[in-house]
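This report describes one protein model, beginning with a single structural unit and moving out to the whole chain.

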Amino acid sequence: MLTIDRATHDAIVAHARRDHPDEACGIVAGPEGSDRPERLVEMVNAAGSPTFYEFDSTELLQLYKEMWDRDEEPVVVYHSHTATEAYPSRTDIGLASEPGAHYVLVSTRETGNNDGPVEFRSYRIVDGEVTEEPVEIVEQLPARSAV
């Protein structure tokens, strides 16, 4: 199950709406091994496409360096679909390279840039196998336990 705070959920949805009709993409980093999506990083869709997303390689490398320095890892990898349901495409499945991450898809096909409901779904993608998981939206993440 993906547990995500409302502010992060709403920021991902806002990013998807803002970039519509192009796909939006980004990562939510969290402390290594914690499964806590804490730090939203909106990325540029280098493809600039309504049907495909691609992280900018320089921007992605910089983000990974930051995460390594901060003992973080990608907890959520997200992108939007602008004309189809929030389900990973064959291309999405092929690009899924973080077996521990939650892959979130937001579909803006019904409302585009406007307010209204969107599909917000999460998946685990490991070795090409897609498994949908429940999403729990909480007002804030529970306090971190002492280590």
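Helices (H or I, at least four residues) and strands (E, at least two) are DSSP runs, numbered from the N terminus.

Residues are numbered from 1 along each chain as its sequence is written. Because the model is predicted, local features need pLDDT of at least 70 and side-chain atom pairs count only at pLDDT 80 or more, while totals for chains, interfaces and linings use all residues; side-chain values use heavy atoms, without hydrogens and water.

E4 (residues 72-81) is mostly covered, with nine of its 10 residues buried. Buried means under 20% relative accessible area, exposed over 50%, and partly exposed in between (1.4 Å probe, protein chains only).

E4 pairs with two strands, as listed below. Two strands pair if DSSP finds at least two bridges between them.

| Partner of E4 | Sense | Bridges |
|---|---|---|
| E2 (residues 25-31) | antiparallel | seven bridges |
| E5 (residues 102-107) | parallel | six bridges |

Val28 stands opposite Val76 in E4, and Ser80 stands opposite Val106 in E5.

The whole protein has three helices and eight strands, which run β-α-β-β-α-β-α-β-β-β-β from the N terminus on. Buried residues make up 44% of its 147 residues. The C-alpha atoms fill a box of roughly 45 × 35 × 30 Å, taken along the principal axes.
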